[in-house]
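The model shown here is predicted.

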Amino acid sequence: MDEHIENSMPRIGDKAPDFKATTTYGDLIFSEYNKDSWVILFSHPADFTPVCTTEMSGFATRHKEFKDMNCKLIGLSIDSIHAHVAWVNNVKKLSGVLFDFPIIADLDMSVAKKYGMIMPGEATTAAVRAVFIIDPRGIIRLIMYYPLNVGRNMDEIIRALKALQTADKHKVALPLNWQPGDKVIVPPPTSVEAMQEREKSGYEMMDFYLAKKNL
């Protein structure tokens, strides 16, 4: 690792590092932006690059879905605010898609370093494609990392957010390939009595420790 890159790596369950930043929608303090809502914080390597343009357009065209799930978006790259605004304007003119969420100008890499977005083996001057899903308490709940040359899957990001919200609301877990409407996994019993009660339940059971139900 490059000794000049002080790169922390937040983990699932950690409090999301707070910061103040200049964005395409003005200055903001992250903890205030995060208050009472979910947030997806995501980084891209650079403005005016092809893969990043497809990804940012993907977030923008599905922004209403995130809003409907009480989730705000905020992007980041190691570019100036002037580059961000020019890129937003360029994409709007060429495709009609407006990046209608804040994009952090992180020229000094201060936010990228807080979130472990700089990986020297990949690049020392560009952030990898990181995704952080942060809940309304400011806790990091899910992290995804992609390399510079592979775009993210928007369907999976939305599915993961819905899964986290479903798990929280109903105190359940979600099985492989879960989609909204599928059966969910109920917590395993923690006593012999609970195990015996489960055997009388109407759950779909592979065994006492793996049982599913409809919500």
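## A nonpolar surface patch

Tyr209 lies in the loop that runs between strand β9 (204-207) and strand β10 (210-213), and with a relative accessible area of 44% this residue is partly exposed. Together with Met206 and Phe208, Tyr209 forms a nonpolar patch on the surface, for which the accessible area of the three residues together is about 320 Å².

## Salt bridges

Across the whole structure, the search finds 12 salt bridges. Among them are two made by Arg141, whose side chain meets that of Asp135 at 3.2 Å, N to O, and that of Asp168 at 2.8 Å, N to O. The pair of Arg141 and Asp168 links distant parts of the chain, since Arg141 belongs to strand β7 (residues 140-146) and Asp168 to helix α6 (residues 154-170), 27 residues apart. Asp135 is buried, at 1% relative accessible area, whereas Asp168 is partly exposed, at 29%. A network of salt bridges links Asp135, Arg137, Arg141 and Asp168.

Another salt bridge joins Lys200 to Glu197, with 3.9 Å between the closest N and O atoms. Here Lys200 is exposed, with a relative accessibility of 66%, while Glu197 is partly exposed, with a relative accessible area of 46%.

## Cysteines

The count of disulfides is 0, a pair of cysteine sulfur atoms being required to lie within 2.5 Å. Cys52 is in no disulfide, because the nearest cysteine sulfur, that of Cys71, is 20 Å away. Cys52 is buried at 1% relative accessibility, and Cys71 is likewise buried, with a relative accessible area of 3%.

Methods
Residues are numbered from 1 along each chain as its sequence is written. This is a predicted model: local features need pLDDT of at least 70, side-chain atom pairs count only at pLDDT 80 or more; totals for chains, interfaces and linings use all residues. Side-chain values use heavy atoms; hydrogens and water are left out. Patches are made of residues with over 30% relative accessible area and no salt bridge: like charges are joined within 9 Å, nonpolar side chains (Val, Leu, Ile, Met, Phe, Trp, Tyr) within 5 Å. Accessible areas come from the Shrake-Rupley method with a 1.4 Å probe; for residues, only the protein chains shown count as cover. A salt bridge is a side-chain nitrogen of Lys or Arg within 4 Å of a carboxyl oxygen of Asp or Glu. Helices (H or I, at least four residues) and strands (E, at least two) are DSSP runs, numbered from the N terminus. Buried means under 20% relative accessible area, exposed over 50%, partly exposed in between (1.4 Å probe, protein chains only).
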